[in-house]
Amino acid sequence: MGALRFAPPATGGGDASDLEYFGDASGVSFHSLILQHFFLGVNPLLTGVISLADLPTPEVARGLFDYYFSHIHRLYPFLHEGSIRRSYEDFWESRHLEDVRSSFTLGSVTSQLALHCAVFAMADKLRAAPEKVTHLYYQTTQKLLAAQKVIPQDILQVQVLLLNALFMQGSDDPEESWNLLGMAIRRGYGMGLHRLLAPSRATPIERETRKRTWCACFTLDRLMTVSLDRPTAITTSTATYPLPIALPDEDPSLVDFFNTSTNLYRLLSDGPSDLAAFSFLTLTPSSLHAATTSLTLLESSFQNWLHTMPAQLQRHPSGPNSEEAIVLTLRSYTTRLLIHRPLLSEAIRASHVDAVVPVLPEPSDPEYVRALVLKQQAQSMVGKSLSTTLSTGVESILLLSQTQLTDTLSAGWYRLFYALNSFMSLAAVLTLDLSEYGQISTPREVIIDALHQGREIVYNLGQRYHLASAQRSVYILDQMLSIASLSPSSADAPFVPALSRDVSRAQSPSAINWDDLIQTMDLGMLPTFNFLDQGTNDPFAFLDGTLA
């Protein structure tokens, strides 16, 4: 309130409507008017220097733009191609008119140049170019961002931070990616992106850009939070406005893919769910009902997403399929694994040798039948969830193994995330005594084969992209396979994992008669659960639906 703040009008391709709003009579506007008169529009706090040698020539920039808009833009179409290309050409033309000075102060540079450099860094990082100056572009972006901390925020700064978060995500630095994304989201909130508060003077392109930028923030936020198991920064309630629409000069399929991905990640919870709260140790009829209802709703929403996506984005087993359809399928597999992960985690905790397992009452106890049925219900629900996890993990690894994805739509670090998520889910299920959870339909040899294929995928990604995280992961995966005696030649050998309580038992528990169970519940021995009334002997049959 009491500090001087230099707030020059937007220049260099920006628009004043993108900036923070201050009334004409406000102190910020009054002080800025005076400061602009004294300093001729150049912020005196910006003293850094950028060399033209740090920037690509227009010819090189065109190649970088070409790569970005044919690859990265297809996943996150929140930049307007014509505008950003034109603004960089205009920048170089203005440098030429000023005799192409070898350097210039940051005070004369707008957010647009920072966005250019962020695009150049992303494109150069992913393309197969003989000479790379990726880190030079990224460092230039950071220098420009540091300078912009003392000028009002605008939409371009949010986009720069988004691109930098994506850049660091692919640089084995998830912590820095998380921090950059947080800054982008905070600035987006500050500009009212979550409420579509576009100024009345904004053009249709500017309005659409604001909407897409916030959708990109939401999508990346969900990806980061589920991979790091942290709270979301954008809740579903702040991402419910109308989805983007295609611009007149744009391929509508780009927006279809973007919107379908956004709708997929809306399935993931904003915070702790009833599934995460489920525990065998504190099992009650109400907690089981809450967990099963939550799982039913999530699966129902997931199936609805599958069946309502555009036809050209649906994957067909017989093919051919577009890369967009394959990437969406991989994303859907990963999302489904994440939906079921809380139950898998609880099953692992309950199977640990040190876990305190509730003891059933004596058969003579009036509560025995109630407790037994409740336990069997819980085990049936978890068993169906485990079966879904197995089939989904296997399908994900098979798709990654059989499909030769290019870098056009799926960068190496995304494929690493898909592969590791599937591998660890399969390995986790195999640490359990599955006889406690009913019949598992996925054959054991299929699971083991998928584990080895997953390991090969991670190894190949590490070799191809020089990902240190992939190379470290291969060592860990090899140790896991060795400990479990799962070398390729031992697929038929007895499996004795370290965390299992007693996996040598081959007998399955008696099948539950769901008709009798429902009748028992209707007689008042257990509270009636609506989720059991599905018109089938198996109330969890909805989990057996195919993914694609």
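Me: In this predicted model, is the crossing of α6 and α7 left-handed or right-handed?
Reply: This is a predicted model. The two helices are α6, residues 155-169, and α7, residues 174-190. Their crossing is left-handed.

Me: How are α6 and α7 oriented to each other?
Reply: Their axes come within 8 Å and cross at roughly 165°. Angles over 145 degrees count as roughly antiparallel. Therefore α6 and α7 are roughly antiparallel.

Me: How many residues of the contact of α6 with α7 are nonpolar?
Reply: From α6, the contact includes Val-158, Leu-161 and Leu-162; from α7, it includes Leu-180, Leu-181 and Met-183. The contact also has 5 polar and 2 charged residues. The nonpolar count is 10.

Me: Which word describes how α8 and α9 lie to each other?
Reply: α8 spans residues 204-228 and α9 spans residues 252-265. They pack at an angle of about 45°, with axes 10 Å apart. The crossing is left-handed. The two helices are therefore oblique.

Me: How many charged residues are in the contact of α8 with α9?
Reply: α8 contributes Arg-212 and Arg-222, among others, and α9 contributes Val-255, Phe-258, Thr-262 and Tyr-265. By class, the contact has 7 nonpolar and 2 polar residues. The charged count is 2.

Me: Which residues have the most contacts inside the largest nonpolar core?
Reply: That core has 131 residues. Leaving aside neighbours within four places in sequence, Tyr-68 touches Tyr-76 and Leu-163, among others. The residues with the most contacts inside the core are Tyr-68, Tyr-76, Leu-163 and Phe-278.

Terms used:
Residues numbered from 1 in each chain as written. Predicted model: local features only at pLDDT ≥ 70, side-chain atom pairs only at ≥ 80, totals over all residues. Heavy atoms only, no water. Axes fitted to C-alpha atoms, helices over the stretch in contact; angles between N-to-C directions. Helix = DSSP H or I, 4+ residues; strand = E, 2+ residues; numbered from the N terminus. Parallel < 35°, antiparallel > 145°, perpendicular 65-115°, else oblique. Left-handed = near helix turned anticlockwise from the far one by under 90°. Contact = heavy atoms within 4.5 Å. Nonpolar A, V, L, I, M, F, W, Y, C, P; charged D, E, K, R; others polar. Core = buried A, V, L, I, M, F, W, Y, C linked by side-chain atoms within 4.5 Å. Buried < 20%, exposed > 50% of the residue type's maximum accessible area, 1.4 Å probe, protein only.
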